[in-house]
Amino acid sequence: MSKIKQVFEYAIDRLLPVGVVVRNLPYVMIFKTTHWCWYNCPHCCESAGKNRPAEFIPADVIKYYTDAATSDPKFAKEMVLTGGEIMASYKFDMKNYVPELANYITERGIRLDIKTNGAWIRNKDLRTKIVPDLININERNSGQRRLPYQLSLSLDKYHPNALENTYEIICELARRNKNKPTILVHISGFMGQDKIYKELLAKLFGNRNIKIEEAFIAAKSGNAIPLHVINRCVALRPSFGAVLFAGGRAQNLPEATPAANPTFEILNQDADLLMAFDGAGNVTLGENSGRKITVPWRDKDGNPRDLPAIRRDLVQRARYEQLRHNMINLKKIFVK
Ligand code: SF4
């Protein structure tokens, strides 16, 4: 980089420091693989549902970005596969989509989070394929890391049948995963709504085939995270700290937190940058709320763009949003 360009970049960074955050912090890649979903929840930030097209980000695109990130020292080595509902891939004859991607990602030592609403547990055909797949992915990759991936289930008052679906999935995993490496199940809900987790535990305690033990694991922060271990083969990690942001359909809910405009909630609790790729061909920073900081991941021919170019564009776009935000604030001061 030429001296003049360096001085220019330094000056811009001083004026609009969000660029430093986007350029320098480690990043997590999230793939919102589809907008199709069995449900139509009133709080859905993605406005997902059965009326959305059953299209998925091609597996090759996700593999391409996995490879690109693996050679980037800024990559936090964490990925999320979500939707809409990613397990709907089984319904639409893409039976290998989840195992192919999950194995590809975890084989590279990347920590993976698979988010699902669990609706598929109510369908025998899907259940008998998905549960063994989840167990195989875990077993096959347990040599890479002790808990190769976590399965995230939402437990809240908005998802239909959340308590029943979560309970059935845990029972199925506990039954089929006996004497195999432990599967980590993240049970997540909204702040102040952990009563439903107690109901889940009570339901599990009432099942005579289930034995629950308490354990703790250390978080990156050094804090101990409590776990409930089911039959020594499924570990439940509850977390009820999520905030419901007024994005997507959630903007119609009076209890949703209004999003700042523009939002700079672009980091997770470990101060990693969140980069979310979606099926519409966009990469967005951070939470699903407020004015988005978005650039395309597809080029004009529909092919995936280079990851470094996307990251450079995100820096520019975030700076633009911060500038806009500053101008709005200035205007408010003058109007006063
Ligand atoms: S919140 Fe989840 S389960 Fe509900 S419609 Fe959206 S993607 Fe589907």
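Reply: The mean positions of the 49 positive and 35 negative charges of the protein chain lie 2 Å apart. Lys and Arg count as positive and Asp and Glu as negative, while His and the chain ends are not counted; the place of a charge is NZ of Lys, CZ of Arg, CG of Asp or CD of Glu. This is a predicted model, in which local features need pLDDT of at least 70, side-chain atom pairs count only at pLDDT 80 or more, and totals for chains, interfaces and linings use all residues. Residues are numbered from 1 along each chain as its sequence is written, and side-chain values use heavy atoms, with hydrogens and water left out.

Me: How many helices and strands does the protein chain have?

Reply: Helices (H or I, at least four residues) and strands (E, at least two) are DSSP runs, numbered from the N terminus. The protein chain has nine helices and eleven strands.

Me: What share of the residues is buried?

Reply: Buried means under 20% relative accessible area, exposed over 50%, and partly exposed in between, with a 1.4 Å probe and protein chains only. Of the 336 residues in the protein chain, 50% are buried.

Me: Why is strand 5 described as largely enclosed?

Reply: In a regular strand the side chains alternate between the two faces of the sheet. From strand 5, Ile 183, Val 185, Ile 187 and Gly 189 point one way, Leu 184, His 186, Ser 188 and Phe 190 the other way, and all are buried. Because eight of the eight residues of strand 5 (residues 183-190) are buried, it is largely enclosed by the rest of the structure.

Me: Which residue is the bridge partner of Leu 153 in strand 5?

Reply: Two strands pair if DSSP finds at least two bridges between them. Strand 4 (residues 149-154) and strand 5 run parallel and are joined by five bridges; the partner of Leu 153 is Ile 187.
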